[in-house]
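New page in the notebook. I am opening a structure I have not looked at before and jotting down what I look up.

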Amino acid sequence: MITYLEAIREAQARALADDPRVYIYGQDVGAFGGAFKATKGLAKEFPGRVIDSPLSEDAIIGSAIGAAIEGMRPIIEMQFADFSTVGFNQIVNQAATLHWRTNVPCPITVRLPSGGTSGAGPFHSQSMEALYAHYPGLIVMTPATVEDAYSMLLEAVAIDDPVIFCEHKYLYYHLKAESLPTEAVPTGKARLARAGRDATIVTYSAMVHESLACAEELATEGWEIEVIDLRSIKPLDTDTVLASVARTGRLLAVGEAWPWGGVTAEVIARVATEGFGLLDAPPMRLNAKDTPVPYHPNLWGTHRPTAKTIAIALRRLLAA
Amino acid sequence: MVPAAEALPHTIEPHLMTSESPQRLYIDAFRWMLLARIVDDRIATLYRSGKIQGGVFLGRGQEALSVATGISLRKGDVFAPLIRDQGGRLAFGESLLDCTRTYLGSRLGPMRGRDGNVHRGRPREGLLAMISHLGAMIPVVAGTLLARRYQGIIGTVGAASIGEGGTSTGAFHEALNLAAVEKLPLVLVVANNQYSYSTPNSRQFACADLIDRAIGYGVDGHSVDGTDLGACLDVLGEAVTRARAGRGPQLVVASLLRLAGHGEHDDASYVDPALRESALGRDCLRVAEQQILAERWADAETVATWRESAAQQVEDALATTMREPLPDPNQEDWCALASPHLKDGYAE
């Protein structure tokens, strides 16, 4: 069995082995193996290519951009997605604009350990994907499975554009697969995680699993819920979403991030503008509450969507 | 670096292209300064007549420092100029056409109307294209040098320009510290021109002298009179040589005065008149010309022909550029991605 976290480690090992242009730079990623051990053993296996950086998110990202200009393919680990705000300027103003401005691509991969875990609180729990998706020039990946964590990270390194790789910390240890995949669905294609007939849930990352659990529960009542895993939120596979809504007539968009201007809003906007006639009921969405992410498990468990709250929303949608 | 023939046709006679003596180097540098001043003045005139989109920022008073930086670098080095580096750009090898095409929005220029004016560059040729956020280019230069280390390329140097205001940013601190930790061959050139837009040094930093910061970062520090071309050439030459020799980052702080507004929209009425009258307020171009005449390295007539030749090149570049097509929104590829296969589902 291999976990989601091990898949991320294995993808990096393979990228380092396959491509001499790849190196890893970040805080504590060297001999220590990273705060979550996503680079465990890599510094030893690939001497001189897995390097501890100073605690300087702006300079870490900025240096990766410079290295990319020189033809390297850096993988950057932000210790927590939340801290990427300190490197935000480099990501959105430098990396995202470089190719468009100068015709020189910027193939950097920025790994963001994302999302909430119990007790992590306001500054170690954030989901930043919508923020980065807002900026033209970035690819934003949100893998929900062990297979995608592995194959999408390898694809991120190969892509000529800067990739924001939102890996979910909640899935690091919980999620396991039999083995690493040998084939990959390309980025930009969503995945039908569960086929259904009565309503479509469009979601991504850890919320795929809450949604699947919800669909399982509703199946005992006779409802057949379709679950679409977006895999990447930019690009966003509108075609697969519309095809699903065409089958079910009902849409619930679910995201762990805050609601304002986010991925669920984008999904609903696209379906409403391009597939309004497919809808049998007003589309719905469910997000985290619009407050900072709370520390205590009693509050955190209610702050983010769960199978239970998704089920409540779905029942409303099915009754509409 | 030695001026590249293809970058600046007819600027400098071949015998001057090798700066084997200090006197030759001085004259080469002076001629780049002259050319930079003339381009800047011409662009300012075009700006005032409404021919330039966006802002115009001049290097007036900073040419000695800027040219000394550019001329101390070689082909294969990296340079991240800032808004007052017309001289350094030319000395590093940027063509006049890249300049005029970007200011006038020519579709044939390196930025193709997508970015303008001082934001131009050719990153693959070592000339980085600045973003507006001050300090942000320094870690990018550091990254190019890290890459070269990974690639086994030795002996190249990266230089970044910044003003005293930019030293107050987090990016400056993070990048210089990172470069010091990595012992990178970075030459960080601070032009302390006394005002960050309108903010005087008394509101910018509290240390006695910015160069004192070098010891805190664990890097070599060099102070220089930015109005003195000879001093700038000596100090920048030394800093670049030390960086190239593996001595780690070099922090250069030059004292001078910006002899223009922050941009051409700004009359700089906030500048203390006493500063203008002080040694800092000397015009480095005039000082250098006087030096050349006093040392009899050239006579006034020769300097006049250099001036005419530079002016002619600027007019030629402008005339060429003005005949060129402008960006066309109907032909623009409105997608920021380098990966064509990901364009589906990318933009709305």
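**Entry 1: chain A as a whole.** First a reminder to myself that this is a predicted model. I looked up the secondary structure of chain A and got twelve helices and 14 strands. Next I checked the radius of gyration, which is 19 Å against the 20 Å that the globule rule gives for 320 residues, so chain A is as compact as a globular protein of that length. Along its principal axes, the C-alpha trace spans about 60 × 40 × 40 Å. I also noted that 59% of the 320 residues of chain A count as buried. For contacts in chain A between residues at least 6 apart in sequence, 79% join residues at least 24 apart.

**Entry 2: a sheet in chain A.** I followed an open sheet of five strands in chain A and wrote down its order, β9-β11-β10-β13-β14, with mixed pairing. Which strands stand at the edges? They are β9 (191–194) and β14 (284–286) of chain A; each has a single partner strand, so one side of each is left without a neighbour in the sheet. On average, neighbouring strands here are turned by 25° against each other, direction ignored.

I then zoomed in on β13(A), residues 251–254, which runs parallel to β14(A) and is joined to it by three bridges. One residue pair I picked out is V254(A) with its bridge partner L286(A) in β14(A).

Two helices that pack on this sheet went into my notes. Helix α8(A), residues 207–219, touches β9, β10, β11 and β13 of chain A, and its direction makes about 170° with that of β11(A). Helix α12(A), residues 307–319, touches β10, β11, β13 and β14 of chain A, and makes about 175° with β14(A).

**Entry 3: helix α6 of chain B.** This helix covers residues 170–181 and reaches 16 Å from its first C-alpha to its last, close to the 16 Å expected. Its buried residues include F172(B), E174(B), L176(B) and L178(B). What do the buried residues of α6(B) pack against? I found α3 (57–69) of chain A, together with α5, β2, β3 and α7 of chain B. Just after α6(B), K183(B) takes a positive phi of about 55°.

**Entry 4: where the chains touch.** I have 36 residues of chain B in contact with 39 residues of chain A. On the chain B side, α5 and α6 each supply at least two residues. The largest share, ten residues, comes from α5(B). By type, that side of chain B divides into 22 nonpolar, eight polar and six charged residues.

Terms used
Residues numbered from 1 in each chain as written. Chains lettered and ligands numbered in written order. Predicted model: local features only at pLDDT ≥ 70, side-chain atom pairs only at ≥ 80, totals over all residues. Helix = DSSP H or I, 4+ residues; strand = E, 2+ residues; numbered from the N terminus. Rg over C-alpha atoms; globule rule 2.2 N^0.38 Å. Buried ≥ 20, exposed ≤ 12 C-beta atoms within 10 Å, placed from the backbone. Contact = placed C-beta atoms within 7 Å. Expected span 1.5 Å × (residues − 1). Nonpolar A, V, L, I, M, F, W, Y, C, P; charged D, E, K, R; others polar. Pairing = 2+ DSSP bridges. Axes fitted to C-alpha atoms, helices over the stretch in contact; angles between N-to-C directions.
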